[in-house]
Structures are given as structure tokens and as C-alpha cells.
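Reader: I would like to learn how to read a structure like this one. Could we go through it feature by feature?

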Amino acid sequence: MISTTLIQETAETLMEKAAIEIPQDYLEGLKGAASKEEGDLSAFVLQAMLENYEAAKEDRRAMCGDTGTPRWYVKMGNEAAIEGGPVAMETALRRATANATQNVPLRPNRVHPLWRTDHNNNVGIGAPEIEYAFEPDGAWIDLITVHKGGLFGTDYRMLFPSDGIEGIKRFYLDSLVAFGKRGLACQPAIIGIGLGGTKDACMVLGKRAACLRIVGDKNPDPKIAALEAEFTELGNNIGMGAMGFVGSSMVIDCNIEVGYCHTGGMQMSVHAFCLSSRRAVARIFSDGHVEYRTDPDWFTPYQRRETIEWEDSAWLEKAHAN
Amino acid sequence: MAGKSPRKLRLSTNPTPEALSELRLGDVVYLDGTIYTAREGVYTRALEEKANIPMELPAKSAANFHCSPAASMNGDGSFNLGAVTATASFRFSKWIGDWMAASGAKLIIGKGGMSKEDYKKHFVPNGAVYLTTVGYGTGALLGRGVKRVADVHWHEELGLAQAMWVIEVENMGPFIVESDLQGNSLFERENEKIARNLEALYEGTKPATLKRYGETDDRKDELI
């Protein structure tokens, strides 16, 4: 049985870590981009960002003043049991969000869309979002918080099978060029692309591709992995760098996730997880032990399954081997 | 890695016309003095609802920051301020002329600049320039430049994110000079350079089968 007190404490720590500590995979990706950047202004910006991450960690202050819109992804092992059930857990996560907003502090970004009411704690109707997934084995829960920046860099379009890869490429470039100007997308970013599903599912897939996969990992479908590599390079060949200045630092990595869609369509969404790619993860075990990490490890073979039944571990091994 | 680093300057938040005329596009600036935050909430309240601006402008500060800090209010009414980062300025175009007239602002600080039209129409006649934050955003570095929060106006009416924060700063930066007194824009200059490459980049890609209303297909355009 996992206690809600432990869930809340862990969640508060995660909120702070996400806001302050840039994940190592993104940091290394950015250092790689900085070492190749030949645009003077873009290079200056990347250097300032690298100094900023250090300042944030030293001072224990948020790396960016816009601390995004905090949300939660909860993944539960099939045998996990939570004291008070999921309702108690949701209360704990909402409380942790409010407490961390006060204590870190975070910017109280969340307001009512019409009345602009601000509770000054990032909690309100539908906020923070809490999304769920399950895994076949284990009595643990994974808590993942993502504080994605909010206003620019995301777009959706209904494409059709006849649009093909060249159509996908064009919409991808359109999104980067449009939001890259003046650096509105806060690039270089982890670009997530959702393909297929339905309109809403496509947005969810793309957002998760950006926020729940790390720099350097590949889609298990080798042809999709090749597209990811091609799109990363294509984005960095636009000629645009940080803040939209001349340069080559646009995409730290491109992650693509797919879902089965209507036979006539090919939905596409593009998302940019910015220079402050805030995510933090903890696994809470049933004995009260907590392990912190920065890789959400969300897209397991089980999450990408194509079959009716979840067969057994043989399937799992095969999927890992690919 | 590129070799040429930009020129670095210190600037007062109540700058003289001479100091402003010194600034060149792409210079890196660090600020000393007092800045205040004002964005849609403050603009609406001051300019549309005609509330009295709660501080003496520009005497106390000529530097308007498009920002809400990551900050909270303590039980004793004091403030805990962490990181500071700007929000995108192009959205405030409809207020900026009236705000300059009301506030005498000489420095508009934010994210991403405004359009050249805004610079020519509002900034040049008022002798003002635009400084952009860097990154975005170097929130922790900018936070280090904050000496103290001098005041927070209208936080009850507008909430902490939209309130008017009055912040004393020392060597706060970096910021990049995006517009000069002639109304030239660094971003637009960079856009023009990048645009030369776009046609080749798009070669072989295909326009979507299903069109959308009101779009531009000219990639040299901006969408702001």
C-alpha cells in the first residue's frame, strides 16, 4: 500500500526538481549543439543558457521565470495499491502543485480562460492535468511531472495518405519556420511529432513524444527512427538557431509517435519542448522506497502494443530486441 | 563554436538619449535601477479602465518589462522572488503607443521584440528602444540581478502573474538590443538572412491536400 503522504512529499520534490534542474540528456544535447553553432548571436544565446542552468542549480531557483503549466503523468503497475485510492492521490498531486508553486516559487500561470481568475497556485478547473497509464507488472507507481512552456511551437493539421512523407515534411518545416522566428518556440527544442490517432489523440501522442521521451532515444520501428534522424537534421538545416538568429541550433532531437487512425486520414501534430525542458520522475515502491530519475520511460512495449491481448514476456523481449 | 562575442554595456533604467543612441543592434545590455512589469492586465486597467497608474512614471522608472516573475507572497506580505523571464511582446501592440504616452517608457523589455511598424510608429517618436531577453529564458540569471522587490501594485485586482511588480535591479542581464532609435529590428534583419535559404529547403515538399483559410504561403512572412 503506497501512502498518500509519501505521494505528496515526492510530488513536491519533483515539482522543485523539474523547475530547477535541466535533465542531463537535454543538457548534453544542448552542449553538442553549442559546440557546432557558428552563428555569433545564436552561440551567445546558447552559452547564456548553459550559464543559466548552472545559476538555477546553485541558487535553487527556477531556471526560467515562465515555469510553464505543471501537469502530471501517473503510471501504475498492475498490482499497485494506493491508500485512499486514486481520488486521494489526485488530491495529493493538486496539493503538491499548489505548495510547490508557493515554495519554489513557480509562476502562478494558471487562470480561468474567460474570467482570468488566478488562484495563485497553478490549480483550477482541469489544472493540473493528470493523465494515467498502466503496466503489466509491479506494485509501484511512477509520478512524472512536466512543466511545458505554453504558447508557441505547437500545431495540428489533418493530412491525408496522398500527402505522403513530403507533405509531413512540409508541415514540419512550416511549424519550425513559423514559430522559430524571433525564437518564439524557445528553440533549440525537443520536437515531438504525433502521427495518426484522432485529432485529440494525435495531439496527445505528439506532446508525449516531446515531453516523455528523452534526447537520443529512437522509435522501435526502424523506418520511423530513420525519419526522426532525418527530421532532426532537416530542422537544423533551416539556417535558424536560438532566438531565430542565423545559426544551426533548432532541434536537439525529434521524436515521432504513431497511433492507428481512420483509413482515409493522416493526422499530424508538432510540439516543441523548449530550452527549459522541465521534467522529473520518481518511482514509488510499495515498501515506501523512492527512486528519482529524469527519463519518464513512458513508451514501453506495452504502451505501443498492437495486439488484442498482452501476450507475455516473450513479446516483451522481442519488442526490446528490435 | 562561433568566435565573435557581442559587445557588452551597462545601461540605466532611466537612460539618457545619448546612452540610447550609443546602442547598436545585437549589443548585450545589463541594467541598473528600477524596472516595473506591465502586460495585458496592467495595460487594460490603466488604459481602458482608466485607473490611476500607482507609481510615478517615468521618474521612478522608464523601463517596462513584459514579464511576470516566478514569485509568491509570504504570510507577512513580503515577497519571495525566484526566476524572472519575459513574455512575448507582439501581443501588446495595441496598447504600446498609449502606454508610452502615459508612462514615458524609454526601454521596452520582453520576449521576441515587436514589429518594425510598431518601432516606426511608437518607439521612434518617443525615443525608445526594445531590449529582448535571451534564450529564452535566462530566468535564473535575471533573478540574480534583482536586488529587491520594492512594491507590487494591483496584485489583488490582477493576480500575482499580472500584477505590476516594481523591482530594483543591479547589473541585471543579459538583454540584447533588438531595436535602435531609428526603428531598425535585429530580428527582422536575421529573418531576411534566413529567408534566402528557405526556397531550397522546401524543395520537394508538398502543400497539404486540404487547404486552410487565411494562411500565407510566403515563408518570408511572420505570423505575428
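Reader: In strand 8 of chain A, which residue is the bridge partner of A:Ile141?

Author: A:Ile284 is the bridge partner of A:Ile141. Keep in mind that this is a predicted model. As a general idea, the strands of a sheet pair through backbone hydrogen bonds, in a parallel or an antiparallel way. Here strand 3 and strand 8 (residues 279-284) of chain A run antiparallel and are joined by six bridges.

Reader: In what sense do strand 1 and strand 3 of chain A pair, and over how many bridges?

Author: Strand 1 (residues 69-77) of chain A pairs with strand 3 in the antiparallel sense, over eight bridges. One pair to look up is A:Lys75 with its bridge partner A:Asp142 in strand 3 of chain A.

Reader: Is strand 3 of chain A mostly covered or uncovered?

Author: Mostly covered: eight of the eight residues of strand 3 (residues 141-148) of chain A are buried. A:Ile141, A:Leu143, A:Thr145 and A:His147 point one way from the strand, while A:Asp142, A:Ile144, A:Val146 and A:Lys148 point the other way, and all of them are buried.

Reader: In what order do the four strands of the open sheet in chain A stand?

Author: The order is 4-7-5-6, and the pairing in this open sheet of chain A is mixed. Its edge strands are strand 4 (155-159) and strand 6 of chain A, each of which pairs on one side only. On average, neighbouring strands of this sheet are turned by 15° against each other, direction ignored.

Reader: How many bridges are there between strand 4 and strand 7 of chain A?

Author: There are five, and strand 4 and strand 7 (residues 266-273) of chain A pair in the antiparallel sense. A:Leu159 stands opposite A:Met266, a residue of strand 7 of chain A.

Reader: Which strands does helix 2 of chain A lie across?

Author: Helix 2 (residues 24-36) of chain A lies across strand 5 and strand 6 of chain A, and it runs at about 130° to strand 6.

Reader: What span should helix 7 of chain A have, and how far apart are its end C-alpha atoms?

Author: Helix 7 of chain A has 15 residues (222-236), and at 1.5 Å a residue these should span 21 Å. The end C-alpha atoms of helix 7 are 21 Å apart, which agrees.

Reader: Which residues of helix 7 of chain A are buried?

Author: They are A:Leu227, A:Glu228, A:Phe231, A:Thr232, A:Gly235 and A:Asn236. Looking down the axis of helix 7 of chain A, the buried residues fall within an arc of 160°, so they line one face of the helix. Among what covers them are helix 5 (164-180), strand 5 (189-196) and strand 6 (251-259) of chain A. The face of helix 7 turned away from the buried side carries the exposed residues A:Pro222, A:Lys223, A:Ala226, A:Ala229 and A:Glu233.

Reader: Where is A:Arg182, and is it buried or exposed?

Author: A:Arg182 lies in the loop between helix 5 and strand 5 of chain A. It counts as buried because it has 28 C-beta neighbours inside 10 Å. Its phi is near 60°, a positive value in a residue other than glycine.

Reader: What is the phi of A:Asn120?

Author: A:Asn120 has a positive phi of about 60°, although it is not a glycine. A:Asn120 is placed in the loop between helix 4 (85-103) and strand 2 (130-135) of chain A. With 20 C-beta neighbours inside 10 Å, A:Asn120 counts as buried.

Reader: Which peptide bond has omega near 0°?

Author: The bond from B:Tyr136 to B:Gly137 does, and it is cis. B:Gly137 lies in the loop between strand 7 (129-133) and helix 5 of chain B. Another cis peptide bond joins B:Gly173 and B:Pro174, with omega about 5°. B:Pro174 is in strand 9 (residues 164-177) of chain B.

Reader: How many residues of chain B are in contact with chain A?

Author: 55 residues of chain B are in contact with 64 residues of chain A. Helix 5 of chain B gives the most to the side of chain B that touches chain A, with six residues. The residues of that side divide into 27 nonpolar, 21 polar and seven charged.

Conventions. Residues are numbered from 1 along each chain as its sequence is written. Chains are lettered from A and ligands numbered from 1 in the order in which they are written. This is a predicted model: local features need pLDDT of at least 70, side-chain atom pairs count only at pLDDT 80 or more; totals for chains, interfaces and linings use all residues. Helices (H or I, at least four residues) and strands (E, at least two) are DSSP runs, numbered from the N terminus. The expected span of a helix is 1.5 Å times one less than its number of residues. A residue is buried if 20 or more other C-beta atoms lie within 10 Å of its own, exposed if 12 or fewer, and partly exposed in between; C-beta atoms are placed from the backbone. The arc is that of the directions from the helix axis to the C-beta atoms. Two residues are in contact if their C-beta atoms, placed from the backbone, lie within 7 Å. Two strands pair if DSSP finds at least two bridges between them. Axes are lines fitted to C-alpha atoms, for helices over the stretch in contact, and angles run from 0 to 180 degrees between N-to-C directions. Ala, Val, Leu, Ile, Met, Phe, Trp, Tyr, Cys and Pro count as nonpolar, Asp, Glu, Lys and Arg as charged, and the others, Gly among them, as polar.
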